[in-house]
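Thanks for making time, everyone. Please bring the structure up on your screens, and follow along as I go.

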Amino acid sequence: QAQLVEFGGGLVQAGGSLILSCAAADSAFSSYAMGWFRQAPGKDRESVAAINWNGATTDYADSVKGRFTISRDNAKNTVYLEMNSLKPEDTAVYYCAASYNSGLRYSVSDYNLWGQGTQVTVSR
């Protein structure tokens with residue numbers, strides 16, 4: 001019954017790349033802002049990237065800016081996170097989230113639907 005499902009997590013060496021995808025079952029996907037969050041052990045869940053309803057605007061955490069790219073394909077009800085030049089500190093569980101708002105959102109509390117998460121581990 002999950003409305004958001006993440007794919008693409010795994011183990012990668014530092015400097016490598018991964019592409020995460022998130023498939024949405026909600027028929028109103030194209031009206032939602034979407035985001036990627038991550039949570040490392042012992043740390044709070046943090047916003048990594050956000051994208052508005054039509055992909056016209058995006059934003060990124062300073063720690064990933066220039067390395068990660070968020071995109072969406074509304075025809076496929078899918079959002080992506082391309083992760084390049086991965087570092088060990090990127091290791092976390094990554095979550096896809098949807099907001100009923102159409103504009104960019106950054107706080108956990110701004111999101112209404114969540115995936116179950118996918119583990120990304122970056123080795124040295």
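Strand β9 and strand β11, residues 118-123, run antiparallel and share 3 bridges. One of the residue pairs here is A92 with V120, and V120 sits in β11. Keep in mind that this is a predicted model.

Stay with β9. Which other strands does β9 pair with? One is β4, again in the antiparallel sense, over 7 bridges. There, G35 stands opposite A97 of β9. Another is β10, also antiparallel, over 2 bridges. In that pairing, A98 has L113 of β10 as its bridge partner.

So how enclosed is β9? Of its 8 residues, 7 are buried, so the rest of the structure largely encloses this strand.

Now the disulfide. A quick reminder: a disulfide is a covalent bond between the sulfur atoms of two cysteines. How many does the structure hold? It holds 1 disulfide. The partners are C22 and C96, with sulfur atoms 2.1 Å apart. C22 lies in strand β3, residues 18-24, and C96 lies in β9, residues 92-99, so the bond ties together parts that are 74 residues apart in sequence.

Which hand does the disulfide have? The torsion about the S-S bond of C22 and C96 is about -80°, so the disulfide is left-handed. Are the two cysteines buried or exposed? C22 has 0% relative accessibility, so C22 counts as buried. C96 also has 0%, and C96 counts as buried too.

Next, the aromatic rings. A pair of aromatic rings is described by the distance of the centres and the angle of the planes. This structure holds 5 aromatic pairs. I will take two of them.

One is F37 with W114. Their centres are 5.0 Å apart, the planes are 55° apart, and the pair is tilted. F37 lies in strand β4, residues 33-39, and W114 in strand β10, residues 113-114, so this pair ties together parts that are 77 residues apart in sequence. How accessible are the two? F37 is buried, at 1% relative accessibility. W114 is partly exposed, at 26%.

W114 has a further partner, Y95. These two rings are edge-to-face, 6.5 Å centre to centre, with 80° between the planes. Y95 is in β9 and W114 is in β10, so here the linked parts are 19 residues apart in sequence. Y95 is buried, with a relative accessible area of 13%.

F37, Y95, Y111 and W114 form one aromatic cluster.

The charged end of R45 sits over the ring of W114, 4.9 Å from the ring centre. Elsewhere, the charged end of R72 sits over the ring of F29, at 4.6 Å from its centre.

In soluble globular proteins, nonpolar side chains tend to be buried together. How many residues does the largest nonpolar core have here? It has 30 residues, and those with the most contacts inside it are M34, V79, L81 and Y94. Seen by strand, β3, β4, β5, β7, β8, β9 and β11 each supply at least two residues of this core.

Take V79 and look around. Leaving out neighbours within four places in sequence, what does V79 touch? Its contacts include L20, C22, F29, M34, W36, I51, I70, R72 and C96. Three of those names have come up already. C22 and C96 are the disulfide partners. R72 is the residue with its charged end over F29.

Last topic, the backbone. Most residues other than glycine have a negative phi, and most peptide bonds are trans. Which residues have a positive phi without being glycine? N77 is one of them, with a phi of about 50°. N77 lies in the loop between β7 and β8. S85 is another, and its phi is near 50°. Where is S85? In the loop between β8 and β9. S85 is partly exposed, with a relative accessible area of 41%.

To recap β9: this strand pairs with β4, β11 and β10. Y95 of β9 pairs with W114. That is my tour, thank you.

Terms used:
Residues are numbered from 1 along each chain as its sequence is written. This is a predicted model: local features need pLDDT of at least 70, side-chain atom pairs count only at pLDDT 80 or more; totals for chains, interfaces and linings use all residues. Side-chain values use heavy atoms; hydrogens and water are left out. A disulfide is a pair of cysteine sulfur atoms within 2.5 Å. Helices (H or I, at least four residues) and strands (E, at least two) are DSSP runs, numbered from the N terminus. Buried means under 20% relative accessible area, exposed over 50%, partly exposed in between (1.4 Å probe, protein chains only). Rings of Phe, Tyr and Trp (its six-membered ring) pair if their centres lie within 6.5 Å; planes under 30 degrees apart count as stacked, over 60 as edge-to-face and the rest as tilted. A charge sits over a ring if NZ of Lys or CZ of Arg is within 6 Å of the ring centre and within 35 degrees of the ring normal. Two strands pair if DSSP finds at least two bridges between them. A nonpolar core is a set of buried Ala, Val, Leu, Ile, Met, Phe, Trp, Tyr and Cys residues joined through side-chain atoms within 4.5 Å. Contact means heavy atoms within 4.5 Å.
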